[in-house]
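Here is a short briefing to read alongside the model. Please keep the sequence and the 3D view open as you go.

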Amino acid sequence: MFTTVKRAVVASAFAAAAAITPAVPAAAAAAPVVPCADGYVCVALIKGTIIWVPEGQSHTFPGGDTMTGIANQTKTQYCVGGSPNFGLAAGVEIVRTQPVTGFGPGRICLT
C-alpha cells in the first residue's frame, strides 16, 4: 500500500507542475535567424549586412562574399551560387556559413 500512495503523490506532483508551467508555442522556439519580410529573399553576410532582394529578381556578389544564412520568403524557388551551389525552396531559411556568389529564381542549380 505504501508504494501505491507514493505513486499517487508523484503523479499529483507532475500534474500540478504541468498545470503551472505555461505552454510555449512551437513557433516561438524556432524564431528566424535571418530577418526577412514576405516577398523577399534575404541574405545575411558575415560582415553583418543583410541584403533584401524582391521576389523574381537576381542578385550577384562581385568577387564573392560569405553568407551566414539565407531566407526565401517568396513563392519562388531560387538557386544559390556558392561553394556549394544549392536550391532554396520557397518559404525556407538555411543557416550556415559558406561562400556565396549570387542567387536567382530557378529550380536547377548546376554544380
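A disulfide here is a pair of cysteine sulfur atoms within 2.5 Å. By this rule the protein has two disulfides, and one of them joins Cys36 and Cys42, with the sulfur atoms 2.2 Å apart. Please note that this is a predicted model, in which local features need pLDDT of at least 70 and side-chain atom pairs count only at pLDDT 80 or more, while totals for chains, interfaces and linings use all residues. Residues are numbered from 1 along each chain as its sequence is written, and side-chain values use heavy atoms, with hydrogens and water left out.

**Confidence**

- The average pLDDT (the predictor's confidence in each residue, from 0 to 100) is 82 for the protein, and 70% of the residues score at least 70.

**Disulfides**

- Counting bonded cysteines along the chain, the pattern is 1-2, 3-4.
- The torsion about the S-S bond of Cys36 and Cys42 is about 75 degrees, so this disulfide is right-handed.
- Cys42 is buried at 0% relative accessible area, whereas Cys36 is partly exposed at 24%; buried means under 20% relative accessible area, exposed over 50%, and partly exposed in between (1.4 Å probe, protein chains only).
- Cys79 and Cys109 form a disulfide with their sulfur atoms 2.1 Å apart.
- Cys79 sits in strand E4 (residues 78-82) and Cys109 in the segment after strand E6 (93-105), so the bond ties together parts that are 30 residues apart in sequence; helices (H or I, at least four residues) and strands (E, at least two) are DSSP runs, numbered from the N terminus.
- Cys79 counts as buried, with 17% relative accessibility.

**Around Thr74**

- Thr74 is found in the loop between strand E3 (59-72) and E4, and is buried, with a relative accessible area of 7%.
- Its side chain makes a polar contact with the side chain of Asn72 at 2.5 Å; a polar contact is a pair of N or O atoms within 3.5 Å, where within protein one must be able to donate a hydrogen and the other to accept it, and residues adjacent in sequence count only if both atoms are side-chain atoms.
- A polar atom of the Thr74 side chain also lies 3.1 Å from the backbone nitrogen of Thr76.
- Leaving aside residues up to four places away in sequence, Thr74 touches Gly39, Tyr40, Val41, Glu55, Ala90 and Gly91.

Note on methods. Contact means heavy atoms within 4.5 Å.
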